[in-house]
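Morning, everyone. I will take the chain as a whole before turning to a few single residues. Please have the sequence and the model open.

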Amino acid sequence: MYKLLIVDDEQKIREVIREYSEFNGYAVDEAEDGMSAVGLVKLNDYDLIIMDIMMPKLDGFTACKEIRKIKNIPIIMLSARGEEYDKLFGFELGIDDYVVKPFSPKELMARINAVISRTKASSEEISDELVFDGLVINIPARTVTVDGEKVDLTPKEYDLLFYLVKNKNLALSRDKLLQDIWGYDFFGDDRTIDTHIKNLRNNLGPYRDFIVTLRGVGYKFESE
């Protein structure tokens, strides 16, 4: 059974998400602020976190940063604000989806199911360790090392790298990447992909050039 952590300072919001989540077969923990959420993540393993942005003690963005230091858990952000800046900032932090309040509980569940399915599928499709010079990608462990040093990627950065490697030497358009990695009905645009590619290249260090920009098209992972 997959386990979710719902983080929102509004009790009614937590109750609605809990009701739909448990109906769909998920186990659920709750937190009313970001600080409590970070504490629960230290004690428990979760398959996905649903996190509000505007909360007391510790806001969602800050909590997301702290959680990323501890564990690599997919995160869906909730917000009453739909500004593009908030969405882009969230994706720069490595969140997996962004849902604006008020939202349809059924749609939120569809997004939860999609994120968990993509995360689990990406770790199960290939069981071998992939080596490209000093870049080593361990699929089962969802780890990446650069010249023997482990690098910390967000879940979405890992999914993007894995997808590029799986389709190495193939040209992949930005639309294709958005559709296959972020999923259906995603609001994002080319900047979402470009931001994640930039962050991913920074993490790969000397092997950043394995990810090749195809002007006017998209990207590909190129190796001999």
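First, a term: helices here are DSSP runs of H or I with at least four residues, strands are runs of E with at least two, and both are numbered from the N terminus. What you see is a predicted model, so local features need pLDDT of at least 70 and side-chain atom pairs count only at pLDDT 80 or more, while totals for chains, interfaces and linings use all residues. Residues are numbered from 1 along each chain as its sequence is written, and side-chain values use heavy atoms, with hydrogens and water left out.

The chain has eight helices and 12 strands. Along the principal axes, its C-alpha trace spans about 55 × 35 × 30 Å. For 224 residues, a compact globule would have a radius of gyration near 17 Å, and the chain agrees at 17 Å. That radius is taken over C-alpha atoms, and the globule rule is 2.2 Å times the number of residues to the power 0.38.

How much of the chain is buried? Of the 224 residues, 51% are buried; the term means under 20% relative accessible area, with exposed over 50% and partly exposed in between, using a 1.4 Å probe and protein chains only. As for contacts, meaning heavy atoms within 4.5 Å, 60% of those with a separation of 6 or more join residues 24 or more positions apart.

On to the aromatics. Rings of Phe, Tyr and Trp, the last by its six-membered ring, pair if their centres lie within 6.5 Å; planes under 30 degrees apart count as stacked, over 60 as edge-to-face and the rest as tilted. The structure has six such pairs. One cluster consists of Phe132, Tyr207, Phe210 and Phe221.

Now the backbone. Which peptide bond is cis? The one from Lys101 to Pro102, with omega near -10°. Pro102 sits in the loop between strand E5 (97–100) and helix H5 (105–124).

Two residues other than glycine have a positive phi. Lys57 has phi near 70° and belongs to the loop between strand E3 (48–52) and helix H3 (60–70). Lys57 is exposed, at a relative accessible area of 65%. Asp133 has phi of about 55°, and its loop runs between strand E6 (129–132) and strand E7 (135–138). Asp133 is exposed too, with a relative accessible area of 63%.

That is where I stop.
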